[in-house]
Amino acid sequence: MYAAAEAQPNVALIKYWGKRNDALNLPAAGSLSITLDALHTQTTVHFDATLADDDVVVNGKRDPDQARRVGAVLDLLRARAGIATRARVRSTNDFPTSAGLASSASGFAALAAAANGALGLGLDARELSILARRGSGSAARSIFGGYVEMAAGTRDDGEDAFASPLLDASTWPLTVVIAITSHAPKAIGSRAGMRASQRTSRYYGDWIASVPNDLAIARAAIAARDFEQLAAVSEASCLAMHAMMLAAHPAIIYWNGTTLDCIQRIRALQADGVNVFFTVDAGPQVKAVCLPDAAAHVADALREVAGVEDVLLSGLGDGARVLEGRA
Ligand code: PMV
């Protein structure tokens with residue numbers, strides 16, 4: 001009853017920010033992302049009849065809140081298997097956690113894949129996407145590689161809220177240059193931030209209503225490999241999400257000064273004809289998405305921005321997979 005799995009974070013180009021159902025973690029709108037290949041989460045799950053409780057260690061640490069979220073997803077898999085056996089879970093990231101690099105996305109995708117393997121359930125990727133979603137909305141997308149779209153769904157039970165692959169990573173390679181502007185954990189998690197946005201931002205309704213059109217534009221841009229079109233709609237989605245959060249009470253501000261300096265640097269590169277665009281998630285890091293031949297130039301430019309602590313480069317990669325044990 002053991003398996004090890006690996007998954008990578010994804011970067012949303014059309015953002016997910018808001019839920020239609022908190023308990024089932026159902027998104028209020030769809031989203032679209034690219035799965036990375038250079039950052040990894042490895043997770044082992046070992047169901048063990050001698051355990052009184054799940055024992056969850058993430059990056060060498062036990063955290064009660066994290067254990068509760070992991071336990072809730074394991075409960076869903078246990079229910080499918082018809083067992084109550086507790087599990088030992090060990091998960092490690094080779095990148096900074098809780099800093100807007102979507103460690104929950106790769107974490108819950110790897111967890112779903114490993115638990116499925118350990119229990120021998122043989123669930124398909126769509127079912128794993130639904131289970132990973134219960135841990136973190138963006139995790140539903142990290143089950144798949146390359147370009148991925150998440151459906152909001154309309155059903156109350158959430159069985160139609162899952163991700164699907166749009167295009168392989170190798171069909172249209174892009175490079176993501178990540179400028180780390182702070183290694184500190186973020187001030188407000190996505191769950192609380194989404195709840196506060198929905199309750200208090202005067203623009204929340206407009207934001208949610210704007211997503212389907214952005215998704216249609218992004219889908220068409222990807223099908224046509226139209227970088228300029230994808231750049232424009234991705235930046236618009238990111239800025240609309242952050243603008244809506246700025247209008248919350250109290251304002252939710254994930255950026256620091258360096259975040260904005262990186263965005264301005266990317267805009268200057270664009271003015272010089274470089275194929276690059278920016279996106280920022282629930283944290284201060286800036287992700288510059290570019291055509292592979294522009295990556296070195298973009299990375300050099302972001303390294304020069306005062307306050308940038310680190311620059312990481314990643315191509316696009318595969319979805320979650322079992323490394324050891326049953327798939
Ligand atoms: O999956 P969560 O609950 O961590 O939320 C992810 C939110 C953003 O990263 C800001 C946007 C997205 O679509 O990934």
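Arg86 touches His46, Phe47, Asp48, Leu51, Ala52, Asp53, Asp54, Asp75 and Arg78, leaving out residues up to four places away in sequence; contact means heavy atoms within 4.5 Å. The model is predicted: local features need pLDDT of at least 70, side-chain atom pairs count only at pLDDT 80 or more, and totals for chains, interfaces and linings use all residues. Residues are numbered from 1 along each chain as its sequence is written, and side-chain values use heavy atoms, with hydrogens and water left out.

**Arg86**
- Arg86 sits in the loop between α1 (64–81) and β8 (87–93). Helices (H or I, at least four residues) and strands (E, at least two) are DSSP runs, numbered from the N terminus.
- Arg86 counts as partly exposed because its relative accessibility is 22%. Buried means under 20% relative accessible area, exposed over 50%, and partly exposed in between (1.4 Å probe, protein chains only).
- A polar atom of the Arg86 side chain lies 3.1 Å from the backbone oxygen of Ala84.
- Arg86 and Ala52 are 34 residues apart in sequence, yet 6.7 Å apart in space, C-alpha to C-alpha.

**Ser142**
- Ser142 belongs to helix α4 (residues 139–142).
- Ser142 counts as buried because its relative accessibility is 0%.
- Its side chain makes a polar contact with the side chain of Asn10 (2.9 Å). A polar contact is a pair of N or O atoms within 3.5 Å; within protein, one must be able to donate a hydrogen and the other to accept it, and residues adjacent in sequence count only if both atoms are side-chain atoms.
- A polar atom of the Ser142 side chain also lies 2.6 Å from the backbone oxygen of Gln8.
- Beyond neighbours within four places in sequence, Ser142 is in contact with residues including Pro9, Ala105, Gly319 and Ala320.

**Domain interface**
- The domain assignment gives domain 1 (2–168) and domain 2 (175–314); such bounds come from an automatic or database assignment.
- Between domain 1 and domain 2, about 3100 Å² is buried, and carbon and sulfur atoms give 69% of this. Buried area is the accessible area (1.4 Å probe) that two parts lose on being put together, summed over both.
- Ile14, Lys15 and Trp17 supply 29% of the area that domain 1 buries against domain 2, more than any other three residues.
- Three salt bridges are found across the interface of domain 1 and domain 2. A salt bridge is a side-chain nitrogen of Lys or Arg within 4 Å of a carboxyl oxygen of Asp or Glu.
- The side chains of Lys15 and Asp281 form a salt bridge (2.5 Å, N to O).
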